[in-house]
Amino acid sequence: MQKQAELYRGKAKTVFSTENPDLLILEFRNDTSAGDGARIEQFDRKGMVNNKFNYFIMQKLQQAGIPTQMERLLSDTEALVKKLDMVPVECVVRNRAAGSLVKRLGVEEGIPLNPPLFDLFLKDDAHHDPMINESYCETFGWVSQQHLARMRELTLQANTVLSQLFDDAGLILVDFKLEFGLFRGEVVLGDEFSPDGARLWDKSTMAKMDKDRFRQSLGGVVEAYEEVAHRLGVPLD
Ligand code: C5P
């Protein structure tokens, strides 16, 4: 499958059309951004690690009955995926307090959240991805209530599957973000799951092993991503 036109260039991935109108190619670049793209740096191997990491996780989710857009890996940095009509809303689950929740509520970082929190954010860089809720989705028509309910159900199901997977690898799945789209009327998981869009802490040391290493200038960004991949058994080379 060959890349055709560049359809969209995001902060860490580029999306290309293919000769099949139902399929796209996702290219994972080495770019890493923070603060809505205010800071961007390249890290050797990051595109490859995230592409293979994402493929591994999407397979696990698919096996658990969560429909995903993933078709197959094409190269170290490229994957073939179904073309979805993307919903411009991000679904976030939080098992422990961190990030924007700590800022917003002033709660202590790391406290367990039981039951886990489910948040929605609008994908809108110009307005810094504002927090929204179901009522906003209905009023502004971003996604139907029926599809939103399915997105929530699939996100919480993914949390159950992935919390166990990371726990078995000695990691805490603190929080993560998923994006969905529609394929022939069905809600399907799109975009990616990688340490760029999740918080993963070492279970014994509580060391941060995700994009917070970049956001907080802790260093060892790709080394942490590779360590997570290694512990999960993601084949990298
Ligand atoms: O920033 P916040 O604490 O709300 O992020 C929650 C989770 O969602 C984190 O794992 C973060 O990496 C992810 N996220 C993301 N893309 C965004 C916002 C959050 O991947 N635009």
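This is a predicted model: local features need pLDDT of at least 70, side-chain atom pairs count only at pLDDT 80 or more; totals for chains, interfaces and linings use all residues.

Q: What makes Asp-36 partly exposed?
A: A residue is buried if 20 or more other C-beta atoms lie within 10 Å of its own, exposed if 12 or fewer, and partly exposed in between, with C-beta atoms placed from the backbone. Asp-36 has 13 C-beta neighbours inside 10 Å, and therefore counts as partly exposed. Asp-36 is located in the loop between strand S4 (31-34) and strand S5 (39-42). Its phi is positive, about 55 degrees, although Asp-36 is not a glycine.

Q: Why is Arg-184 called exposed?
A: Arg-184 counts as exposed because it has 9 C-beta neighbours inside 10 Å. Arg-184 belongs to the loop between strand S11 (171-183) and strand S12 (186-190). S11 and S12 form a hairpin with two residues between them, and Arg-184 in the turn has a positive phi of about 50 degrees.

Q: Why is Gly-233 exposed?
A: Gly-233 has 10 other C-beta atoms within 10 Å, so it is exposed. Gly-233 lies in the segment after helix H6 (221-232). Between Gly-233 and Ser-135 the separation is 98 residues in sequence and 41 Å in space, C-alpha to C-alpha.

Q: How do you know that S2 and S3 pair?
A: Two strands pair if DSSP finds at least two bridges between them. Strand S2 (residues 13-17) and strand S3 (residues 23-28) are joined by five bridges and run antiparallel. Thr-14 is opposite Glu-27 in S3.

Q: How do you know that S7 pairs with S3 and with S6?
A: Five bridges join S3 to S7, in the antiparallel sense, and Leu-26 has Ala-79 in S7 as its bridge partner. S6 and S7 are antiparallel and joined by three bridges; Met-70 has Val-81 in S7 as its partner. A hairpin through four residues links S6 to S7.

Q: What makes S1 and S6 the edges of their sheet?
A: The open sheet of five strands has the order S1-S2-S3-S7-S6, with antiparallel pairing. Strand S1 (6-9) and strand S6 (70-73) each have a single partner strand, so one side of each is left without a neighbour in the sheet. On average, neighbouring strands of this sheet are turned by 25 degrees against each other, direction ignored.

Q: What makes helix H1 a helix that packs on the sheet?
A: Two residues are in contact if their C-beta atoms, placed from the backbone, lie within 7 Å. Helix H1 (residues 46-63) touches S3, S6 and strand S7 (78-82), and its direction makes about 135 degrees with that of S6. Axes are lines fitted to C-alpha atoms, for helices over the stretch in contact, and angles run from 0 to 180 degrees between N-to-C directions.

Q: Which residues come nearest to the ligand?
A: A residue is near a molecule if its C-beta atom, placed from the backbone, lies within 6 Å of it. Of the 14 residues around the ligand, Gly-99, Ser-100, Asp-175, Lys-177 and Gly-197 come nearest. Strand S8 (85-96), helix H2 (99-105), S11 and strand S13 (198-202) are the elements that give two or more residues to this shell.

Q: How do you know that S11 pairs with S8 and with S13?
A: Seven bridges join S8 to S11, with Lys-177 in S11 as the partner of Val-92. S11 and S13 are joined by five bridges, and Ile-172 stands opposite Trp-201 in S13.

Terms used:
Residues are numbered from 1 along each chain as its sequence is written.
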